[in-house]
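Hello,

Here is the structure I promised to hand over. My notes on it follow below.

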Amino acid sequence: MSIIKKETTLQDTKISFESGIFAPKAHSSILATMGETVVLATVVTREMKENPGFFPLTIEYMERLYASGMISSSRFIKREGRPSSNEILKARMIDRSIRPIFKEDFRDEIQLVVTVLSYDKINDPVIIGISAASLALMVAGIPFEGPVAGIRVGLLDNQFVLNPVPTILDSSDLNLFISVTSDSISMIEAGSNNIPEDKMIEAIEFAKEQTKPLIDIQNDFLSELNNRNNIEYTKHGVDEALLKEIDSKFHDDIEKSIWDTEDKELENKIGETFDIDHDPKDVEEAVHELFRRSFRGGILKNSVRPDKRALDEVRPLYIKVDILPRTHGSAIFQRGETQILSVATLASSKQSQTIENIEGEEVKRYMHHYNFPGWSVGEISRNLYYPSRRDIGHGALAERALERQIPPMSEFPYAIRVVSETLSSNGSSSMASVCGSTLALMAAGVKIKNPISGCAMGLVMDEESSKYVILTDIQGPEDHFGDMDFKVAGSKDGITALQMDNKLKGISIEILKEALDQAKKARLFILSKMLEVLPTPRESLSIYAPQIKVIKIDSTKIGEVIGGGGKTIKNIIEKSGADIEISDDGSISISAVEEKQFTLALKMIEDITKEVEVGHTYEGKVAKITTYGAFINVTPSISGLVHVSEMSDKFTKDPTEIVSEGDTVLVKIIGKDDQGRLKFSMKQASEEDKE
């Protein structure tokens, strides 16, 4: 292949795409550069002569720590291992951006890998990675109807910011990532701070317009690729003759299965009839297409849904809090057959999660995890212990919907983990997780800024006539046979999270606007039902949750609290049973489940950090007796001498006549000696002046 390199700029940032040098054994490769961020997209494909029954597309996104000049901080493992959650989420973004753009009859196996080789901590690798992936597929001659490009938009002071750097993104009211083709939206991923629907549409329009240079450069690149050959592949599609034969025998059964009883044995019955004379995969694909046509025809022609709901109707709700007696907060949220149990757990900030990636290290104090076991859909699951990519994606979406509502550490010094267990699923389990988690947090006493609800919107569209129907609160068949899964979460004031996937070549902004308006009505209805069950966060925490108090000491005394080799702080933790965290600014967080643990830890720290003043009276213990007096410890770090003449109004020859080692006595600070050491008096001390 000849060497081709194309360059453009995006908001003064230089972008280039190059092929013909790197990874020559791959079927195609693109080296893409944005600023000093560099990614390599490689494509390898294998022809599938027999119909695999699905599209075997695998997409990986890999971050090398060397890309930002890092070596893993792990003492034992220095090379990259299994993909991190961050890598999985970005791989899913690339996958969801490009998967709908392939021709429907293409079933060859493809592995697409985007590897981050250099990262300047300014330009997001996934932005250039989506364009590189798109271009690599087209260069390979694969029937991919791109180009596709992705871009990120922030919102600061009500002004849109294109591709904001991470430091700006942290304070942005919007983190919107969209992927587009030349005329429509392919994928949306967003987190926001209660942004109204019209502002979100404005942001999507702005983002779409800004992707033009990334679309144009891919087209320019392809125009110079004179020797590009479209690959030959075996077309796998529905056997129309077989489809008609099956339809003639089972038409009424299929209609009844979708629109009435949902007979799950029907596919097996059809298979037993036709698998003998036909490839079982061809039979399965024909049956699927008949189900699909029946489902879509009923909705488009008659606006009839499988469960007879109106197009904008939410399924029946069941909501209950305080399900589990010993957890800190729990709730059941059920919508139709989708049932989620969300559980909130509070802990000291030491239990926050430290994450290492090419950005460096970051600490997460709010974590949301989502579990989807096979039994939730009546299936046997071989993997019950490790999260799937879908689990990680759904957990991240629910986390994004709620993370801006968590009170700041200064007001609520806790690490928070919410787990959403899918007990039953028939569509929109991620948005049910948002609802259940809101209630679990409120039940745990977390003073969230706004309660959040969510709903998934669907679409059925006839591309020939452009007629379409938008569906509220989609369930399983509507997701499976429909054209869009558009998840919308937010408060009464606006949107906090979006995620849009589609099976068409793209979705228009007009359809998205209509879907957002319809979703708002559903979201507010669901939210009203949630607040009937629990109107506000609980005033107090669960008796099983740790009590946390943050005190402030003079930062110069941090060393005294820690002690040599951490001896002092370890002693406090061991004796009190409390969990203690010390910050460089002198803030000390004390966490304990039992009040006595908390009280003891607080007293031990106060004893170490207590400031004493001349003229004040304190309680202390006799540490040592000499012939001329006794040394008294007011705190572990503050001690002084009571001279024998200051022990009593009467003449005292021997200090042991007055005190013994270990006695508790009152002493008044009367001054300091020539070396700055404290001088105490027992005879001048009084109970009334005790500090």
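Asp157 sits in the loop between S7 and strand S8 (159–162); helices (H or I, at least four residues) and strands (E, at least two) are DSSP runs, numbered from the N terminus. Phi of Asp157 is near 50°, a positive value in a residue other than glycine. At 74% relative accessibility, Asp157 counts as exposed (buried means under 20% relative accessible area, exposed over 50%, partly exposed in between, with a 1.4 Å probe and protein chains only). Asn194, in strand S10 (residues 185–195), has a positive phi near 55° and is likewise not a glycine. Asn194 is buried, with a relative accessible area of 16%.

On provenance: this is a predicted model, in which local features need pLDDT of at least 70 and side-chain atom pairs count only at pLDDT 80 or more, while totals for chains, interfaces and linings use all residues. Residues are numbered from 1 along each chain as its sequence is written, and side-chain values use heavy atoms, with hydrogens and water left out.

A cis peptide bond, with omega about 10°, joins Gly146 and Pro147. Pro147 lies in the loop between H2 and strand S7 (149–156).

Helix H1 (residues 85–98) packs on helix H2 (residues 125–139) at an angle of about 45°, and their axes are 10 Å apart. Axes are lines fitted to C-alpha atoms, for helices over the stretch in contact, and angles run from 0 to 180 degrees between N-to-C directions. H1 and H2 are therefore oblique to each other (under 35 degrees counts as roughly parallel, over 145 as roughly antiparallel, 65 to 115 as roughly perpendicular and the rest as oblique). The contact (heavy atoms within 4.5 Å) is made by Lys90, Met93, Ile94, Ser97 and Ile98 of H1 and Val126, Ile130, Ala133 and Leu137 of H2.

Helix H7 (residues 266–274) and helix H8 (residues 280–302) pack at about 135°, with axes 10 Å apart, and are therefore oblique to each other. Leu266, Glu267, Ile270, Gly271 and Phe274 of H7 meet Val283, Val287 and Phe291 of H8 in this contact.

Regards
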